[in-house]
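This report looks at helix packing and at the surroundings of the ligand.

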Amino acid sequence: MRNVVVTGGTRGLGIAIARKLAADGYRAIAVARQQNDHFAACVQQAEATAPGSLRFAAFDLNDIAFIPKFVASLSEEFGPLHGLVNNAGLGTSGILATLADPQIERLLRLNVTSPITLTKYAVRAMMVGGAGGRIVNISSVVASTGYSGLSVYAASKAALAGFTRSLAREIGPLGITVNCVAPGFVDTDMTGGMKPAQRAQIIRRSALRRLPDAKDVAAAVAFLVSDAAGNVTGTTVTVDAGNTA
Ligand SMILES: NC(=O)c1ccc[n+]([C@@H]2O[C@H](COP(=O)([O-])OP(=O)(O)OC[C@H]3O[C@@H](n4cnc5c(N)ncnc54)[C@H](OP(=O)(O)O)[C@@H]3O)[C@@H](O)[C@H]2O)c1
């Protein structure tokens, strides 16, 4: 089984991505601070059909200094790394003028510094393997549109898009692809605080008059991780039911 690490793979978009990859024949290694009952049930289900296809690795991605050791421990436990999906993120919202400085730092740490550092060590592991690899960064449509109250979040997601394009050029010669998926609004724990009127407005303004769901995002990620996407790199796949069309 080829190993794909999915950060934040225990809830929301991440668990949908991890389950889809497990169903597609990979070993999906979900990284989060803790497991939860729904994730445990998904592991049980996966065990019944494809033993070992959905695993958990506990790690707090804010602990940047421990990332090298964490990646080494993953290689030791599971073997060579085929893919990394940088999905974990914070969705802190708030008017910039009143956002507390530590909140800004926490958001940029988890959404930008952590995935960049994790990618650095994952790429090193892929280089040792010599079989190429796949990096998928979960950005957002907000990286390229505007949404009042999400300026810092938007900055973090635009950072991932810029990171993706330059890194794709840098490690393309090694056979490693780097892409982004930019979801529109999806119902998850992160977006639970959105007011019904705002949610309804997003639906009204979307070409398909609906929201994408986590499975739609997972399908896009699975394509980018697959062999079929071997010649796709440095780009962003938008999954937003036409909200930004
Ligand atoms: N939902 C949307 O509408 C939407 C739209 C566009 C983009 N996105 C992006 O998609 C990604 C996933 O969003 P989501 O809505 O699925 O989020 P979510 O429901 O809040 O899930 C976040 C996941 O990240 C993990 N996580 C959080 N902090 C962590 C840490 N310090 N270390 C390790 N793991 C951590 C959580 O597990 P623990 O808390 O147990 O650690 C959980 O598994 C994010 O990058 C988000 O910005 C979401």
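## Crossing of α4 and α5

α4 and α5 cross with right-handed geometry. In this predicted model, their axes lie 9 Å apart, and the packing angle is about 15°. Angles under 35 degrees count as roughly parallel. The two helices, α4 and α5, are therefore roughly parallel to each other.

## Crossing of α3 and α4

Helix α4 spans residues 101-129, and helix α3 spans residues 67-78. These two also pack, at an angle of about 40°. Their axes are 9 Å apart. Because of that angle, α3 is oblique to α4. The crossing of α3 past α4 is right-handed.

Both pairs are described in one way. Two packed helices are characterised by the distance between their axes and the angle between those axes.

## The shell around the ligand

Which residues come nearest to the ligand? They are R11, N87, Y153, V186 and T188, out of 29 residues around the ligand. By class, twelve residues of the shell are nonpolar and twelve are polar. Five are charged.

## Polar contacts and cover

Where do N or O atoms of the protein approach oxygen atoms of the ligand? G8 uses its backbone, with an N or O atom 3.2 Å from a ligand oxygen. Q34 likewise places a backbone N or O atom 3.4 Å from an oxygen atom of the ligand.

How much of the ligand's accessible area does the protein cover? On its own, the ligand has 880 Å² of accessible area, and the protein covers 95% of that.

Definitions and conventions:
Residues numbered from 1 in each chain as written. Predicted model: local features only at pLDDT ≥ 70, side-chain atom pairs only at ≥ 80, totals over all residues. Heavy atoms only, no water. Near = heavy atom within 4 Å. Polar contact = N/O pair within 3.5 Å; in protein donor to acceptor, adjacent residues only side chain to side chain. Areas by Shrake-Rupley, 256 points an atom, 1.4 Å probe, with all protein chains shown as cover. Nonpolar A, V, L, I, M, F, W, Y, C, P; charged D, E, K, R; others polar. Axes fitted to C-alpha atoms, helices over the stretch in contact; angles between N-to-C directions. Helix = DSSP H or I, 4+ residues; strand = E, 2+ residues; numbered from the N terminus. Parallel < 35°, antiparallel > 145°, perpendicular 65-115°, else oblique. Left-handed = near helix turned anticlockwise from the far one by under 90°.
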